Amino acid sequence: MEPGPKPLILRQWKNHLPHDVVLNILARLQVKSLLRFRCVCKLWDSSITSSNFISTHFNIINNNDDNGHAYLIRTCIQYNSPKIPITCKVLCSDRTFDSLFEYSVPSVFDLIMSDMVGSCNGLVCLAQRGKLSTAFDAIYLWNPSIRKFKRLPDSCSNGKDFWFSTGFGYQSNTNDYKVVKLLDTPVVAEVYTLSSDLWRKVGISLRPKVVVSHIEPFPFPLVFSGALHWFAYHSEGEREFVDPMMILSFDVDNEKFGEMALPAGDKLFEHNLFVFKGNMAFISCGYVENDDGLQPDSQCFIWVMRDYGVDESWNKLFSIWFENAFIIFLGSEYLSGKKNFLWLH
């Protein structure tokens with residue numbers, strides 16, 4: 001007599017993969033596939049959405065040289081007719097810009113009144129101004145890949161119509177994210193931590209008697225070497241420094257503020273910080289006013305800080321003069337990890 005078929009449970013066990021092997025496979029898939037596989041079962045859904053899996057998935061994708069950076073592009077179209085409203089969209093492209101596709105933005109977010117604060121590991125921080133206000137009255141975190149959108153709770157400064165600057169950073173030692181608001185004037189700091197979903201006030205302590213008297217709300221701070229960097233002005237009591245402008249840094253891990261000097265001279269009316277070949281760089285564009293009433297030629301200077309945090313290590317790389325030209329530097333963004341998103345507009 002021939003043996004009958006094996007019980008169903010034994011046939012399933014023969015083809016079964018251990019859960020850790022399944023997670024290892026899933027961690028190598030793209031986000032769109034993972035979103036679909038969350039529907040397979042509750043175990044897969046809880047595993048894919050866990051912080052450990054998200055961190056593992058990011059590290060694997062980030063170390064894969066076949067994956068390039070992604071760029072988010074905000075585009076606004078204004079028609080000649082006042083009856084047709086301005087249309088704003090968010091487009092996405094890889095670094096080749098061979099193709100573009102549109103990202104759907106939640107309807108509660110007004111792109112016309114918005115600005116990009118920063119991006120870390122594919123998570124985008126956005127700030128939205130009130131319709132009758134110059135200040136940002138709402139801050140959002142957005143993950144375009146999984147279509148998650150979160151408005152941050154209001155801080156103590158919400159509803160007050162004054163300028164402040166917002167920064168967004170990643171805390172590597174705890175795998176957490178922070179939003180920093182610097183309020184003017186005198187400058188005070190508020191820090192939001194994603195894991196706690198709370199705002200806290202953080203003191204700004206520099207040299208004795210030295211205070212930050214003013215913060216430039218734009219451009220948004222540069223993220224480099226685990227810190228945020230703003231253009232700021234400082235003073236010592238009632239005494240102003242000969243060159244009061246400096247770089248104010250905020251270490252995202254230990255929440256300590258620091259100061260760095262800018263290179264001497266060559267500070268024109270357009271300036272920005274960016275990353276050049278792995279070093280922090282300073283660009284200044286514009287022209288030096290003269291007394292003859294004539295428009296001088298525009299100039300552009302680029303400096304690089306060879307040794308981060310050492311003021312004496314600034315080194316001028318380029319000095320460029322432009323005849324009959326007006327220069328506006330629109331900014332530059334460095335993405336340290338692959339599959340991050342850059343916001344262009």
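I began with confidence: the mean pLDDT of the protein chain (the predictor's confidence in each residue, from 0 to 100) is 78, and 73% of the residues score at least 70. I noted that this is a predicted model, in which local features need pLDDT of at least 70 and side-chain atom pairs count only at pLDDT 80 or more, while totals for chains, interfaces and linings use all residues. Residues are numbered from 1 along each chain as its sequence is written, and side-chain values use heavy atoms, with hydrogens and water left out.

I turned next to aromatic pairs, for which rings of Phe, Tyr and Trp (its six-membered ring) must have centres within 6.5 Å, with planes under 30 degrees apart called stacked, over 60 edge-to-face and the rest tilted. The structure holds 11 such pairs. One of them, Tyr-140 with Phe-149, is stacked, at 4.9 Å centre to centre and 25 degrees between the planes. For burial I used relative accessible area with a 1.4 Å probe and protein chains only (buried under 20%, exposed over 50%, partly exposed in between); Tyr-140 is buried at 5%, whereas Phe-149 is partly exposed at 23%.

I then looked up Phe-224 and Tyr-308, whose ring centres are 5.4 Å apart with planes at 75 degrees, so the pair is edge-to-face. Phe-224 belongs to strand S13 (residues 222-224) and Tyr-308 to the loop between strand S19 (298-305) and strand S20 (314-322), so the pair ties together parts that are 84 residues apart in sequence. Phe-224 is buried at 13%, and Tyr-308 is partly exposed at 29%.

I also recorded that ring pairs link Tyr-140, Trp-142 and Phe-149 into a cluster.

Which ring does the charged end of Lys-181 sit over? I found the ring of Trp-199, with the charged end 5.2 Å from its centre; the rule asks for NZ of Lys or CZ of Arg within 6 Å of the ring centre and within 35 degrees of the ring normal.

Last, I checked for disulfides (a pair of cysteine sulfur atoms within 2.5 Å), and the count is 0. Cys-39 is exposed at 69%, and Cys-41 is partly exposed at 32%.

Technical notes: Helices (H or I, at least four residues) and strands (E, at least two) are DSSP runs, numbered from the N terminus.
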